[in-house]
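Student: I have a model open and want to learn how to read it. Can you take me through it feature by feature?

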Amino acid sequence: MERTLIPGYTIGTDAYDDIVNICAQYGKKTAIIGGKQALAAARDKILRAIDGSSIESLGCFWYGGECSYENVDMLEPQVREADMLFAVGGGKAIDTCKVLAHRTGWPFFTIASTCASCTSLGIVYNPDGSLRDYSFSKVPPSHIFIDTQIIADAPDRYLWAGMGDTMAKCYECTISSRGDTPSHSDAMGIALSPMCSAPILRWGEKALADCRAGRVTYELSEVILSIIVSTGLVSNFVQVDYTTGMAHAIYNGFTVLPSTEANHHLHGEVVSFGILAMLTADGQFDERDKVLRFSRSIGLPTRLADIHASPSDLPAVAEKALAGIDVRKYPYEVTKDMIISGIMELDEYSGRTK
């Protein structure tokens with residue numbers, strides 16, 4: 001049996017007004033799980049939206065700071081009386097709630113800020129922030145609520161990093177599926193994947209400026225939909241080997257460096273660097289240069305020094321990059337030397353052309 005689920009979404013400055021309409025059919029008690037900043041921004045809006053309805057909040061619960069099985073274990077007894085869960089925050093907060101929902105079978109809803117809000121896949125880390133494994137499921141959130149004003153008022157670095165992560169879905173999907181005969185579901189996702197890069201390359205600089213000014217605009221809304229919905233739908237349609245690739249392998253490699261965590265480099269920030277290295281290794285130089293120009297325009301990393309790394313770190317990075325599933329299905333064999341050479345060629349080229 002093949003099953004692909006497509007979550008619905010509500011977007012706008014009044015998106016939470018739709019919560020009762022959508023969620024009341026799933027039960028009466030909800031627990032709200034998320035990051036501290038996200039809960040502070042969204043909590044009162046959510047509670048106002050359900051006030052006077054049949055839905056009761058059991059409280060807000062911090063996800064623990066990392067999407068780890070340890071934090072899922074910590075949360076489960078706290079929220080066991082819930083009929084449904086609300087996930088609020090960035091990718092790790094949402095994935096923590098997602099893994100918990102998959103374990104318990106509870107329906108869950110997302111207060112969206114990243115593509116994790118739309119996807120069924122959860123990425124699990126060790127408590128130290130290094131990659132552990134993946135939580136596979138075909139069950140995405142039941143509905144996504146996207147409050148554009150909350151995103152516009154949030155720290156702009158999350159939109160900034162989100163654009164980097166989102167663009168990877170287009171380039172990884174098309175490279176990973178190259179030479180295959182995709183199924184209907186895979187083909188749908190591959191066809192959608194340009195919507196993960198084209199709107200960002202077109203409107204991303206303006207959207208980031210609008211976010212920094214706290215303005216909800218057409219450009220910001222289009223980029224938000226690309227980050228959350230386009231990427232999430234591609235992930236849900238395609239097989240797991242198409243939904244990732246060398247850019248995420250490189251990101252996973254950099255998670256072993258203490259400097260990545262110490263300098264608070266965000267997932268999408270490092271993935272954006274991985275896109276450039278991947279396109280370099282794949283010989284897509286024109287596309288690489290297009291993404292490079294955009295990355296420079298908004299300050300995404302284009303050199304090793306931008307992510308506090310050096311050439312001496314690359315053997316360990318490449319070894320970790322190949323330890324996961326990201327490039328197990330690829331149109332050619334990806335080796336440690338290929339990853340190191342791609343990163344070094346990018347680093348040299350970026351420095352020379354800056």
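Tutor: Start with contact: it means heavy atoms within 4.5 Å. Leaving aside neighbours within four places in sequence, Thr243 is in contact with Lys169, Glu172, Ser235 and Val238. Two notes on the source. This is a predicted model, where local features need pLDDT of at least 70, side-chain atom pairs count only at pLDDT 80 or more, and totals for chains, interfaces and linings use all residues. Residues are numbered from 1 along each chain as its sequence is written, and side-chain values use heavy atoms, with hydrogens and water left out.

Student: Where does Thr243 sit, and is Thr243 buried or exposed?

Tutor: Helices are DSSP runs (H or I, at least four residues), as are strands (E, at least two), numbered from the N terminus. Thr243 is in the loop between H9 and helix H10 (246–254). Buried means under 20% relative accessible area, exposed over 50%, partly exposed in between (1.4 Å probe, protein chains only). Thr243 has 7% relative accessibility, so Thr243 counts as buried.

Student: How do I read the length of H9?

Tutor: Compare its span with the expected one, which is 1.5 Å times one less than the number of residues. H9 (residues 218–237) has 20 residues and reaches 27 Å from first C-alpha to last, close to the 28 Å expected.

Student: Where is the kink in H9 centred?

Tutor: The bend at a residue is the angle between axes fitted to the seven residues ending there and the seven starting there. H9 has a kink of about 35°, centred on Ser226.

Student: Why is H9 described as largely enclosed?

Tutor: Because 18 of its 20 residues are buried, H9 is largely enclosed by the rest of the structure.

Student: Which residues touch the most other members of the largest nonpolar core?

Tutor: A nonpolar core is a set of buried Ala, Val, Leu, Ile, Met, Phe, Trp, Tyr and Cys residues joined through side-chain atoms within 4.5 Å. The largest one has 96 residues, and those touching the most other members are Ile33, Leu85, Ile146, Ile228, Phe254, Ile275 and Ile343. A second, separate core has 18 residues, including Tyr16, Ile32, Phe86 and Ile150.

Student: Now helix H4. What does Val99 touch?

Tutor: Val99 lies in H4 (residues 91–104). With 5% relative accessibility, Val99 counts as buried. Not counting residues up to four places away in sequence, Val99 touches Cys67, Tyr69, Val72, Val124 and Ser135. Val99 and Cys67 are 32 residues apart along the chain, yet their C-alpha atoms are separated by 8.6 Å.

Student: And Ala101, buried or exposed?

Tutor: Ala101, also placed in H4, is buried, with a relative accessible area of 3%. Leaving aside neighbours within four places in sequence, Ala101 is in contact with Leu85, Trp106 and Phe108.

Student: How do H12 and H15 cross?

Tutor: Two packed helices are described by the angle between their axes and the distance between the axes. Axes are lines fitted to C-alpha atoms, for helices over the stretch in contact, and angles run from 0 to 180 degrees between N-to-C directions. The axes of H12 (residues 267–281) and H15 (residues 336–353) come within 8 Å and cross at roughly 105°. H12 and H15 are therefore roughly perpendicular (65 to 115 degrees; under 35 is roughly parallel, over 145 roughly antiparallel, the rest oblique). The contact is made by Phe273, Leu276, Ala277, Thr280 and Ala281 of H12 and Met338, Gly342, Ile343, Glu345 and Leu346 of H15.
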